[in-house]
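Subject: Structure handover

Hi,

Here is the structure you asked about. Please open it alongside this email; my notes follow below.

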Amino acid sequence: NRRAAHVALVAPTVSRAPSWPMALMHLHARNGRKASAVQFWTVLESLPQSDVDPSATRPSARIISIQRWSVVLLIAGGALNYVDRATLSVANKFIQDDLGIPIAGMGLLLSAFLWAYALAQLPVGRLIDRWGPRRLLGLGLLFWSIAQAAGALVTSFGVFIAARFALGVSEAPLFPGGARVVRDWFGVRQRGFASGLLQSAS
């Protein structure tokens, strides 16, 4: 299962790691409750170290395949995400003339997405922790596609604001969800590169 796979990914990074609880026990027996950080690390380094064979915890072919496809799909989703949010800035002059929107109204229209996107980050992150990135990323892609299509069909300023706000909320799961995917499926020594690939979509 995913939990076992995650343990297998993290295990190589803790090879030859001494026991923290054992160090605390030794330190408590030696000095009681009063001990400095230097004393703790001295005891920790003096304890026997355990060996883990890295080959025994190397990710399987299935895990490697999941890692590759996860990165590819997240990069594609991120690129689409940024293209969708930038379309208004490209066509704003034509939209302003077509719908008769004043300059101040265009400023509000352009900022509606950013306010929704920023405000949705925290609740969306909470939902990702509860329901998982697969569901939230799938729902986000579905609803941001609907919101983007709705933006092409609007006939009034108010509806356009609502469509841009909905686009901001539905695009919010991408990077929190991507961070959770990297955390779940990549080992500690691989996460920096995987996160860099994800951020390259921006």
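The largest pocket holds about 600 Å³ of space. A pocket here is an open set of points on a 1 Å grid over the protein atoms alone, where a 1.4 Å probe fits and protein lies on both sides within 12 Å along at least five of seven lines. Volume is the space filled by probe spheres set on the points, with grid points joined across faces, edges and corners.

This is a predicted model: local features need pLDDT of at least 70, side-chain atom pairs count only at pLDDT 80 or more, and totals for chains, interfaces and linings use all residues. Numbering starts from 1 along each chain as its sequence is written, and side-chain values use heavy atoms, with hydrogens and water left out.

**The largest pocket**

Its lining has 21 residues. Lining residues have an atom within 4 Å of a point. Nearest the centre of the largest pocket are Leu73, Pro133, Arg134, Leu137 and Val181. Helices α4 (61-99), α6 and α8 (174-185) each give two or more residues to this lining. The largest share comes from α4, with eight residues. By class, the lining has 13 nonpolar, four polar and four charged residues. Nonpolar covers Ala, Val, Leu, Ile, Met, Phe, Trp, Tyr, Cys and Pro; charged covers Asp, Glu, Lys and Arg; the others, Gly among them, are polar.

**The second largest pocket**

The second largest pocket has a volume of about 260 Å³. It is lined by 15 residues, and Leu88, Ile95, Gly151, Ala152 and Phe160 are the closest to its centre. At least two lining residues come from each of α4, α6 and α7 (157-171). Again α4 gives the most, here six residues. The classes are ten nonpolar, three polar and two charged.

**The fold**

The protein has nine helices and zero strands. Both are DSSP runs, numbered from the N terminus: helices are H or I with at least four residues, strands are E with at least two. Of the 202 residues, 34% count as buried. Buried means under 20% relative accessible area, exposed over 50%, and partly exposed in between (1.4 Å probe, protein chains only). Among contacts with a separation of 6 or more, 75% join residues 24 or more positions apart. Contact means heavy atoms within 4.5 Å.

**α5 against α6**

How do α5 and α6 pack? Helix α5 (residues 103-131) meets helix α6 (residues 133-153) at an angle of about 130°, with the axes 7 Å apart. Axes are lines fitted to C-alpha atoms, for helices over the stretch in contact, and angles run from 0 to 180 degrees between N-to-C directions. The two helices are therefore oblique to each other. Under 35 degrees counts as roughly parallel, over 145 as roughly antiparallel, 65 to 115 as roughly perpendicular, and the rest as oblique. Leu127, Ile128 and Trp131 of α5 make the contact with Pro133, Arg135 and Leu136 of α6. Five of these residues are nonpolar, none is polar and one is charged.

**Two residues in α4**

Gln96 sits in helix α4. It counts as buried because its relative accessibility is 18%. Leaving out residues up to four places away in sequence, Gln96 touches Ile101, Pro102, Ile103 and Met106.

Ser70 is also in helix α4. Its relative accessible area is 15%, so Ser70 is buried. The C-alpha atoms of Ser70 and Leu198 are 9.6 Å apart, although 128 residues separate them along the chain.

Best wishes
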